[in-house]
Amino acid sequence: MNQDHGYREAMSGRDSSPAIMWFRQDLRLADNPALLASAAGGRPVVCLYVLDEAGEGDWPAGGASRWWLHMSLAALAESLERLGQRLVLRRGPALAALREVVSETGAGAVVWNRRYEPAAATRDARVKAELKAAGVAAESFNAALLFEPWTIRTGGGGPYKVFTPFWRACLGAPAPPAPLAPPASIAAPPAWPAGEALDDWRLLPRAPDWAGGLRRAWTPGEAGAQARLQRFLSEGLEGYAAARDRPDLPATSRLSPHLHFGEIGPRQVFAAVQALGAGSPGAEKFLQELGWREFCHHLLFHFPALPAANFRAEFDAFPWADDPAGLDAWRRGRTGYPIVDAGMAELWTTGWMHNRVRMIAASFLIKHLLIDWRQGEAWFWDTLVDADLANNAASWQWVAGGGADAAPYFRIFNPVAQGEKFDPNGTYVRRWVPELARLPAAWLHKPWDAPAAVLAGAGVRLGTDYPRPIVDHAKARKRALDAFAAMKDRPGAA
Ligand code: FAD
């Protein structure tokens, strides 16, 4: 594929009418091949963002993502203004909005960076065909992935379903091209098309304004993404392999929302990590996590039903429980298992949850409560600032055991043992479940076992200040294994 990004050739020799740069999940100036293509040769550029909720199919942005989008668009608009540019905002459908802006500005070309979610990809293919049919040049580029999904194939020519050989094949493929510098200048069009006001899109929560924790935790936008990366390179990368599973330590990059919205691209992260630590255990492990991101996108591209249907059809027969009270307790972080509840509180407050705790909390919903993974997927979709169709769907399927390359269903996390192993001093639980903050570490992950005097000394009244466990681990484990066995035993099951 485009080892040199292809942006120079794409727009060379074209007319001097404006080009429309259609921003989507690439809200940055650096390493943005579509933006460079639009501006090539000093051509005037109309920078456009279209809010196209219908174009997202069954997955319009959730609440936390809408907050992030607002902040990120505001940051991008500011960066563009510093270049004498503007970010024009229009409401979708995308094709109608693009046609209008083409006709208002006389633009001869529309360029964008590709998306891989099924609904967006289908829409974009139609947009491209319609624009071309109307005589408008339309070009798309890769800004979101190291390796495009159709370039990595098994020996038999099909897609990969297992991570390890997938990542091996990626590392054996031509290396991703070096990241591109931001444009030094972008010519303005002779006249600006009208745009809408960002505030009018009402992406921010108002009544109530629940975004205080998000504001404290994050700086959306390209500068915030770069600051995160630099901080991780100097403070986190070296110890990443050893500490990445510890939610009590600031050991991971927290780049996920920035990557999702394209405020930073994976080529930039890949190059920076390689330049600093190529071959070190921290760098290898970290690049492998970027590899998981690639793998999830590969899966979603080749198996577009991934967000809604069990990857392994035998799981269609799984006897999920109808348990609204259990689902509610899980969402609100009131399960009585401190590590689960801490994770759900972190999620609710900051829009992010540590990966290890995501696995524990997801496993608890699916295996301890027997609730369909799609209910958890939907809650994460609404509450995560990094909600990403590929990563979220593939990860939930992975935890459920029905996904490609999944954790086996019978591997059931013990939330107490997981808490004791990965939050050994209880720092994480104390932070997110302050009701338990004064309990000694020995009891923190199983307060129901603590002697009455210890509970009293820590000011904890179980069942009043903090819930008793809503399910017993041993019983829940047996119930899950029985359900799995029942599914396996069904006539016709694989
Ligand atoms: P780091 O450890 O610093 O990793 C660097 C980057 O690699 C991340 O920013 C992310 O882009 C990618 N990455 C890391 N782990 C994974 C993984 N397991 N799968 C895919 N990509 C990965 N990640 C999302 O970005 N969006 C989601 O909606 C999402 N939903 C998840 C749901 C469940 C049930 C689980 C178990 C995991 C989910 N993840 C999701 C994956 C992972 O938890 C996050 O990417 C990670 O915690 C983000 O933190 P970080 O940026 O500090 O990660």
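Modeller: We'll go through cavities, a pocket, the ligand and some backbone details.

Biologist: What kind of model is this, and how are residues numbered?
Modeller: It is a predicted model: local features need pLDDT of at least 70, side-chain atom pairs count only at pLDDT 80 or more, and totals for chains, interfaces and linings use all residues. Residues are numbered from 1 along each chain as its sequence is written, and side-chain values use heavy atoms, with hydrogens and water left out.

Biologist: How many cavities does the search find?
Modeller: The whole structure has 3 cavities of 30 Å³ or more. On a 1 Å grid over the protein atoms alone, a cavity is a set of points where a 1.4 Å probe fits but cannot get out. Points are joined across faces, edges and corners, and the volume is the space filled by probe spheres set on them.

Biologist: What's the volume of the largest cavity?
Modeller: About 430 Å³. It is lined by 30 residues, and Q25, Y49, E56, A61 and R115 are the closest to its centre. A lining residue has an atom within 4 Å of a point.

Biologist: Which elements give two or more residues to that lining?
Modeller: β1 (19–23), β2 (45–51), α3 (63–82) and α5 (118–133). These names come from DSSP runs, numbered from the N terminus: helices are H or I with at least four residues, strands are E with at least two.

Biologist: How do the lining residues of the largest cavity divide?
Modeller: There are 17 nonpolar, 4 polar and 9 charged. Ala, Val, Leu, Ile, Met, Phe, Trp, Tyr, Cys and Pro count as nonpolar, Asp, Glu, Lys and Arg as charged, and the others, Gly among them, as polar.

Biologist: Which domains does this lining draw at least three residues from?
Modeller: Domain 1 (3–143) and domain 3 (313–488). The bounds come from an automatic or database domain assignment.

Biologist: And the second largest cavity, where does it lie?
Modeller: Domain 1 and domain 2 (145–178 + 223–302) both give residues to its lining, so it lies between them. The second largest cavity holds about 150 Å³ of space. Of its 16 lining residues, Q25, R114, R115, Y116 and A144 are the closest to the centre. α10 (256–260) and α12 (281–302) each supply at least two.

Biologist: Now the largest pocket. What's its volume?
Modeller: About 1100 Å³. R244, E289, W292, N355 and S395 are the closest to its centre, out of 44 lining residues. A pocket is an open set of points with protein on both sides within 12 Å along at least five of seven lines.

Biologist: Which element gives the largest share of that lining?
Modeller: α12, with 10 residues. The lining of the largest pocket has 22 nonpolar, 12 polar and 10 charged residues.

Biologist: Switching to the ligand. Which residues come nearest?
Modeller: Y240, T252, S253, R254 and N355, out of 28 around it. "Around" means a heavy atom within 4 Å.

Biologist: Which atoms of S253 and R254 sit 2.6 Å from a ligand oxygen?
Modeller: For S253, an N or O atom in the side chain. For R254, a backbone N or O atom. A polar contact is a pair of N or O atoms within 3.5 Å.

Biologist: How much of the ligand does the protein bury?
Modeller: 96% of the 820 Å² that the ligand exposes when taken alone. Those areas come from the Shrake-Rupley method with a 1.4 Å probe.

Biologist: Last topic. Which peptide bonds are cis?
Modeller: One is from G92 to P93, with omega near 5°. Another is from A207 to P208, with omega near 0°. Most peptide bonds are trans.

Biologist: Where is P93 found?
Modeller: In the loop between β3 (87–91) and α4 (94–105).

Technical notes:
Polar contact = N/O pair within 3.5 Å; in protein donor to acceptor, adjacent residues only side chain to side chain.
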